[in-house]
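This briefing goes through selected strands, helices and contacts of one protein model. Please keep the sequence and the coordinates at hand while reading.

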Amino acid sequence: MADVDVAVVGAGFAGIYAVHAFRSAGLTVRAFEAGSGIGGTWFWNCYPGARCDVESKDYSYSFSPELEQEWSWSERYPAQPEVLRYLNHVADRFGLWPFIQLNTRVTGATWDSARSEWVVTTDDGAQRTARFCVLAVGCLSAYQVPSLPGLESFAGPWYHTSRWPRAGMDLTGQRVGLIGTGSTGIQVAPEIAGVASQLYVFQRTANFSVPNRNRAIDPEWERAFKANYRSYRKQAQESFLGVPLTGTGRPALAEPAEQIQRNLMERWQAGGGMPFLGAYTDVLVDRAANDIVAEFMRDRIREAVDDPQLAELLSPRAFPVGAKRLCQSDDYFAMFNQPNVTLVDIRTAPIDSVYPGGLRTSAASYELDALVFATGFDALTGSLTRIDVRGTGGVALAEKWAAGPRTYLGVATAGFPNMFMVTGPGSPSVLSNMVVSIEQHVEWIRDCVGYLGSYGFSIVEAKPSAEDAWMAHVTEVAHSTVFPLADSWYIGANIPGKPRVFMPYLGGVGPYRSRCDEVAAAGYEGFVLSV
Ligand code: NAP
């Protein structure tokens with residue numbers, strides 16, 4: 001008999017809820033977490049300025065009406081320490097600690113066909129068996145540092161933002177180099193610029209960013225909002241992004257130019273990426289509509305940055321707005337007016353090497369005391385394939401996915417019985433409010449395991465034909481939008497050699513949920529159930 005019913009890998013938002021949901025369904029569970037604390041993304045990304053770009057009222061669990069009434073967020077967009085406090089509160093409140101093993105990295109998971117169980121190996125050499133294996137490893141966990149010649153010789157400290165020292169890093173009066181201008185780079189840069197004597201921002205690709213307009217939560221507003229939380233959550237589950245939004249419902253291309261500018265400006269002043277991008281129905285599917293919004297955003301950069309040449313260098317032109325994750329910051333562009341901040345264009349003069357005292361590009365050398373990498377992640381697949389996961393016949397997941405990930409509904413993959421992924425590639429995941437998508441997957445997996453028990457089955461496995469059809473659908477939907485026009489991490493373009501496959505599902509949270517429910521209602525259509 002297996003040690004537990006379910007082995008959960010990871011204790012971030014997904015793993016924490018998985019432990020609670022499976023236990024509440026009467027299953028025995030053990031979660032393994034590599035970190036010394038729970039929280040996943042919100043544990044590791046403790047760099048200064050780390051903040052969620054989804055509002056706190058949305059980026060929180062909905063499974064417990066009591067929890068959502070009891071907990072009060074302090075800000076519209078919660079900072080990393082507050083999200084981490086929330087997750088620790090959830091673990092306390094629901095008594096989850098005995099089932100979570102910290103400081104334990106899962107290195108391998110192998111399906112034992114003879115015994116119909118997973119053998120999970122951890123970095124302490126221990127092995128545990130489980131009937132089901134749930135990979136709740138996060139979409140953005142496998143961080144990447146580019147291999148720069150000479151990096152090992154650098155005399156000062158260097159860190160990837162996702163491994164920021166938990167005790168902090170004092171950059172006061174230092175000359176700091178920052179590589180990367182994605183969501184993370186744009187958040188951390190103003191914080192560093194506030195204390196460093198000099199900040200060099202090494203930019204390969206200029207990025208779009210909208211203001212947060214972050215503010216403290218007003219207790220009166222909170223009371224009124226919480227009175228309708230249940231119906232709001234339902235709307236979120238049925239929405240496109242996992243957040244109820246009020247767009248105009250009209251295409252920009254059918255709207256008079258002045259009206260578009262007025263509408264966009266209103267949303268710009270209100271802050272937030274989702275309401276801004278969601279203003280018009282055609283922005284993410286029609287390049288001409290997208291260009292209007294992109295130009296609006298470049299106008300805002302020209303307003304914020306005093307030096308016109310610098311503003312031009314900071315103006316994104318290489319991809320449609322929204323096709324890479326829209327960044328959010330109140331301070332990023334104006335920061336470049338500070339005398340201690342320098343933008344270095346590494347598109348025209350690429351980084352050549354690192355030396356003990358700094359960094360050299362093909363055009364100049366920069367003397368640095370510290371180096372910060374905000375260079376992103378081997379997204380969606382890296383955290384899964386870096387574990388030695390082996391299914392039927394010992395086939396490795398990394399081998400099966402060598403030409404790109406293949407899943408059925410982003411929750412299972414053929415050849416790997418009784419294994420589930422929470423927000424895996426092929427599901428809305430990173431193109432949605434993650435918490436809503438996580439809850440939907442965990443509950444679907446819980447119900448699937450329950451169904452097997454109720455009907456006398458013990459094994460569930462995706463059919464290759466269902467997987468093929470789903471992947472074709474994921475690709476088809478992606479190619480009806482502007483998303484594939486960007487060299488983004490959604491398509492694997494940020495990792496040298498990674499196959500270009502559009503990984504998240506763009507069909508929308510609500511429709512995706514309905515599809516998953518239909519599959520379940522049809523007795524898990526597309527899966528083989530057996531004993
Ligand atoms: P990212 O979006 O992948 O950005 C990485 C940055 O590093 C890009 O500017 C990239 O340039 C640059 N880069 C990568 N390799 C490089 C190299 N070899 N040389 C020079 N530059 C290099 O990563 P991220 O900023 O960590 O964000 C990842 C995702 O995490 C976000 O898209 C978002 O989903 C999530 N996130 C969310 C928040 C939030 O909620 N506010 C905050 C942080 C992160 P290129 O563009 O040229 O590739």
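A residue counts as buried when its relative accessible area is under 20%, and as exposed when that area is over 50%. The model is predicted. With that cut-off, Thr184, Gly185, Ile186, Gln187, Val188, Ala189, Pro190, Ile192 and Ala193 of H5 are buried.

**Burial and exposure**

- Strand E16, residues 370–373, is covered on both faces. Ala370 and Val372 lie on one side, Leu371 and Phe373 on the other, and all of them are buried.
- In general, side chains of a regular strand alternate between the two faces of the sheet.
- Pro464 is exposed, because its relative accessible area of 53% is over the 50% limit.
- Pro464 belongs to helix H16, which covers residues 464–478.
- Between the C-alpha atoms of Pro464 and Gly415 there are 8.2 Å, while the two residues are 49 positions apart along the chain.

**Strands paired with E16**

- Strand E7 (residues 158–160) runs parallel to E16 and is joined to it by 3 bridges. His160 has Phe373 of E16 as its bridge partner.
- Strand E8 (residues 175–179) also pairs with E16 in the parallel sense, over 4 bridges. Here Leu178 has Val372 as its partner in E16.
- Both partner residues in E16, Phe373 and Val372, are among the buried residues of that strand.

**Strands paired with E6**

- Strand E1 (residues 4–9) and strand E6 (residues 127–135) are parallel and share 5 bridges. Val8 is bridged to Val134 in E6.
- Strand E5 (residues 117–122) pairs with E6 in the antiparallel sense, with 4 bridges. In this pair Val120 is opposite Arg128 of E6.
- E5 and E6 make a hairpin that leaves 4 residues between the two strands. In its turn, Gly125 has a positive phi of about 90°.
- Strand E18 (residues 419–421) is parallel to E6 and joined to it by 3 bridges. Cys133 is opposite Met419 of E18.

**The sheet E13-E14-E15**

- These 3 strands form an open sheet in the order E13-E14-E15, and their pairing is antiparallel.
- E13 (351–355) and E15 (365–367) are the edge strands, each pairing on one side only.
- From one strand to the next, the twist averages 20°.
- E13 and strand E14 (residues 358–361) are antiparallel and joined by 4 bridges. Ser353 is opposite Arg360 in E14.

**Packing of H8 and H10**

- Helix H8 (residues 257–270) packs against helix H10 (residues 287–304) at an angle of about 55°, and their axes are 11 Å apart. H8 is therefore oblique to H10.
- The crossing of these two helices, H8 and H10, is right-handed.
- H8 contributes Ile260, Gln261, Leu264, Met265 and Trp268 to the contact, and H10 contributes Ile292, Val293, Phe296, Met297 and Arg300.
- By class, the residues in this contact of H8 with H10 are 8 nonpolar, 1 polar and 1 charged.

**Packing around H17**

- Helix H7 (residues 229–238) and helix H17 (residues 509–521) pack at about 80°, with axes 6 Å apart. H7 is therefore roughly perpendicular to H17.
- Ala236, Gln237 and Glu238 of H7 meet Val509, Gly510 and Arg513 of H17. The residues of this contact of H7 with H17 divide into 2 nonpolar, 2 polar and 2 charged.
- Helix H15 (residues 434–454) packs against H17 at an angle of about 0°, with axes 11 Å apart. H15 and H17 are therefore roughly parallel.
- On the H15 side, Val436, Ser437, Gln440, His441 and Trp444 are in contact. They meet Val509, Tyr512, Arg513, Cys516, Asp517, Val519 and Ala520 in H17.
- The contact of H15 with H17 has 7 nonpolar, 3 polar and 2 charged residues.
- Val509 and Arg513 of H17 take part in the contact with H7 and also in the contact with H15.

Conventions. Residues are numbered from 1 along each chain as its sequence is written. This is a predicted model: local features need pLDDT of at least 70, side-chain atom pairs count only at pLDDT 80 or more; totals for chains, interfaces and linings use all residues. Side-chain values use heavy atoms; hydrogens and water are left out. Buried means under 20% relative accessible area, exposed over 50%, partly exposed in between (1.4 Å probe, protein chains only). Two strands pair if DSSP finds at least two bridges between them. Axes are lines fitted to C-alpha atoms, for helices over the stretch in contact, and angles run from 0 to 180 degrees between N-to-C directions. Angles under 35 degrees count as roughly parallel, over 145 as roughly antiparallel, 65 to 115 as roughly perpendicular and the rest as oblique. A crossing is left-handed if the near helix is turned anticlockwise from the far one by less than a right angle, and right-handed if clockwise. Contact means heavy atoms within 4.5 Å. Ala, Val, Leu, Ile, Met, Phe, Trp, Tyr, Cys and Pro count as nonpolar, Asp, Glu, Lys and Arg as charged, and the others, Gly among them, as polar.
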